[in-house]
Amino acid sequence: MRFTTARLCGGKAVMAISADILDIDLAHAAEVIEKEGCTIKERDEMLLVFEWNGMEVTLYPQGKVMYLPQTDRAQCIADATRLLEKVR
């Protein structure tokens with residue numbers, strides 16, 4: 001997968017933005033994420049927020065993934081790639 005990244009929240013978060021057009025089924029993604037043992041904090045048709053490895057992760061249907069707190073862009077892309085491969 002190819003990504004661009006953006007720093008958010010005063011540099012305390014990084015968002016991986018897929019260069020490919022994706023349409024993630026967030027209901028399916030929530031099932032996969034819960035089976036991994038993560039706690040879902042918020043879920044609707046526009047986003048899915050969950051706790052993972054001490055971070056708050058927000059997944060969007062377009063394939064955007066935001067990690068808070070996170071400052072390492074390379075790690076953000078690696079984590080987003082693994083996540084999207086699981087939930088697609």
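This is a dialogue about how terms are applied to one predicted model.

Student: What should I keep in mind about the model?

Tutor: It is predicted: local features need pLDDT of at least 70, side-chain atom pairs count only at pLDDT 80 or more, and totals for chains, interfaces and linings use all residues. Residues are numbered from 1 along each chain as its sequence is written, and side-chain values use heavy atoms, leaving out hydrogens and water.

Student: Why is D79 called buried?

Tutor: Buried means under 20% relative accessible area, exposed over 50%, and partly exposed in between, with a 1.4 Å probe and protein chains only. D79 has 7%, so D79 is buried. Its place is in helix α2, residues 73–87. Helices are DSSP runs of H or I with at least four residues, strands are runs of E with at least two, and both are numbered from the N terminus.

Student: What makes the pair D79 and R82 a polar contact?

Tutor: A polar contact is a pair of N or O atoms within 3.5 Å; within protein, one must be able to donate a hydrogen and the other to accept it, and residues adjacent in sequence count only if both atoms are side-chain atoms. The side chains of D79 and R82 are joined at 2.6 Å. That meets the cut-off.

Student: Which residues does D79 touch, not counting those up to four places away in sequence?

Tutor: W52, M55, Y67 and Q70. Contact means heavy atoms within 4.5 Å.

Student: Are C38 and C76 buried or exposed?

Tutor: C38 has 14% relative accessibility, so C38 counts as buried. C76 has 0%, so C76 counts as buried.

Student: What makes a set of residues a nonpolar core?

Tutor: Its members are buried Ala, Val, Leu, Ile, Met, Phe, Trp, Tyr and Cys residues joined through side-chain atoms within 4.5 Å. The largest core here has 24 residues. Among those with the most contacts inside it are I33, L48 and V87. Elements giving two or more residues to this core include α1 (26–35), β4 (48–52) and α2. Beyond its neighbours within four places in sequence, V87 is in contact with I24, H28, A29, V32, I33 and L59.

Student: How do you know that β2 and β6 pair?

Tutor: Two strands pair if DSSP finds at least two bridges between them. β2 and β6 are joined by 3 bridges and run antiparallel. In one of these, A16 has V65 in β6 as its bridge partner. β3 and β4 pass too, with 4 bridges. A hairpin through 4 residues joins β3 to β4.

Student: What makes β1 and β3 edge strands?

Tutor: The open sheet has 6 strands in the order β1-β2-β6-β5-β4-β3, with antiparallel pairing. β1 (3–8) and β3 (39–43) each have a single partner strand, so one side of each is left without a neighbour in the sheet.
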